[in-house]
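Please keep the sequence and the 3D view at hand while reading.

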Amino acid sequence: MPANTGELAAPPAPAPADPLESLLTASRAWSTTAPGERWFVQLMSVPAGRADHVLDYVRRAGRALDPQQLRAYRTDTAGDTQLAVIYGDFADLRSAQQAVDAMPDWIRGTRPVVRQLRSLRTDKP
């Protein structure tokens with residue numbers, strides 16, 4: 001029997017976080033702290049049951065765009081929950097539109113929508 005050295009065993013490593021929940025949490029931090037006048041590009045939106053599609057999309061888009069600028073949010077609509085992938089943090093509409101114009105064809109083909117951050121907030125003025 002080994003001697004007790006009085007040291008505590010290291011706690012087990014935490015289980016890996018759900019990548020979608022991690023993205024949603026980080027995105028929520030940005031969307032609640034950035035000024036509402038900022039702009040972003042909504043790349044896609046799907047029913048929440050398609051979470052696997054969202055992660056695949058984020059992985060693919062992250063190879064074509066700056067992955068640090070990819071975010072996601074969840075919204076409840078009339079009887080439905082949607083997951084959306086968004087991109088960027090732009091000072092003005094023009095900058096956001098220029099970013100769309102520079103995106104690969106496969107992204108532009110899904111008709112991204114430029115939106116103002118305040119549109120995500122429930123406490124809109």
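Arg 118 is partly exposed, with a relative accessible area of 26%; here buried means under 20% relative accessible area, exposed over 50%, and partly exposed in between, with a 1.4 Å probe and protein chains only. The model is a predicted one, in which local features need pLDDT of at least 70 and side-chain atom pairs count only at pLDDT 80 or more, whereas totals for chains, interfaces and linings use all residues. Residues are numbered from 1 along each chain as its sequence is written, and side-chain values use heavy atoms, with hydrogens and water left out.

Arg 118 forms a salt bridge with Glu 37, and the closest N and O atoms of the pair are 2.8 Å apart. A salt bridge is taken as a side-chain nitrogen of Lys or Arg within 4 Å of a carboxyl oxygen of Asp or Glu. Arg 118 lies in the segment after β4 (113-116) and Glu 37 in the loop between α1 and β1 (39-47), so this pair ties together parts that are 81 residues apart in sequence. The element names follow DSSP runs, numbered from the N terminus: helices are H or I with at least four residues, and strands are E with at least two. Glu 37 is likewise partly exposed, at 45% relative accessibility.

How many salt bridges does the structure hold? There are five. In general, side chains of opposite charge can pair when their charged atoms come close. One of the salt bridges joins the side chains of Glu 21 and Arg 74, at 2.8 Å from N to O. Because Glu 21 belongs to helix α1 (residues 19-33) and Arg 74 to strand β2 (residues 70-77), this contact ties together parts that are 53 residues apart in sequence. Glu 21 is partly exposed at 34% relative accessibility, and Arg 74 is partly exposed at 41%.

Another salt bridge, between Arg 108 and Asp 105, has an N to O distance of 2.4 Å. Both residues lie in helix α4 (residues 105-108), three residues apart, which is about one turn of the helix. Arg 108 counts as partly exposed, at 32% relative accessibility, whereas Asp 105 is exposed, at 57%. In the loop between α4 and β4 lies Arg 111, which has a positive phi of about 60° although it is not a glycine. The relative accessible area of Arg 111 is 71%, and the residue is therefore exposed.

The strands may be taken next. Four of them form an open sheet in the order β2-β3-β1-β4, with antiparallel pairing; two strands pair if DSSP finds at least two bridges between them. The edges of the sheet are β2 and β4, each of which pairs on one side only. From one strand to the next, the twist averages 40°; axes are lines fitted to C-alpha atoms, for helices over the stretch in contact, and angles run from 0 to 180 degrees between N-to-C directions.

Eight bridges join β2 to β3, and within this pair Asp 76 stands opposite Thr 81 in β3. The two strands form a hairpin with two residues between them, and Gly 79 in the turn has a positive phi of about 70°. Seven bridges join β1 to β3, where Trp 39 stands opposite Phe 90. Between β1 and β4 there are four bridges, and Gln 42 stands opposite Val 113 in β4.

Which helices meet the sheet? Helix α1 lies across β1, β2 and β3 (80-90), running at about 90° to β2. Helix α2 (residues 51-64) also packs on the sheet, touching β1, β2 and β3, and its direction makes about 140° with that of β1. Eight of the eleven residues of β3 are buried, so this strand is largely enclosed by the rest of the structure.

Is Ala 96 buried or exposed? Ala 96 is buried, with a relative accessible area of 0%. Leaving aside residues up to four places away in sequence, Ala 96 touches Trp 39, Val 41, Phe 90 and Val 114, where contact means heavy atoms within 4.5 Å. Trp 39 and Phe 90 are the residues that stand opposite each other in β1 and β3. Finally, the C-alpha atoms of Ala 96 and Gln 116, 20 residues apart along the chain, are separated by 9.6 Å.
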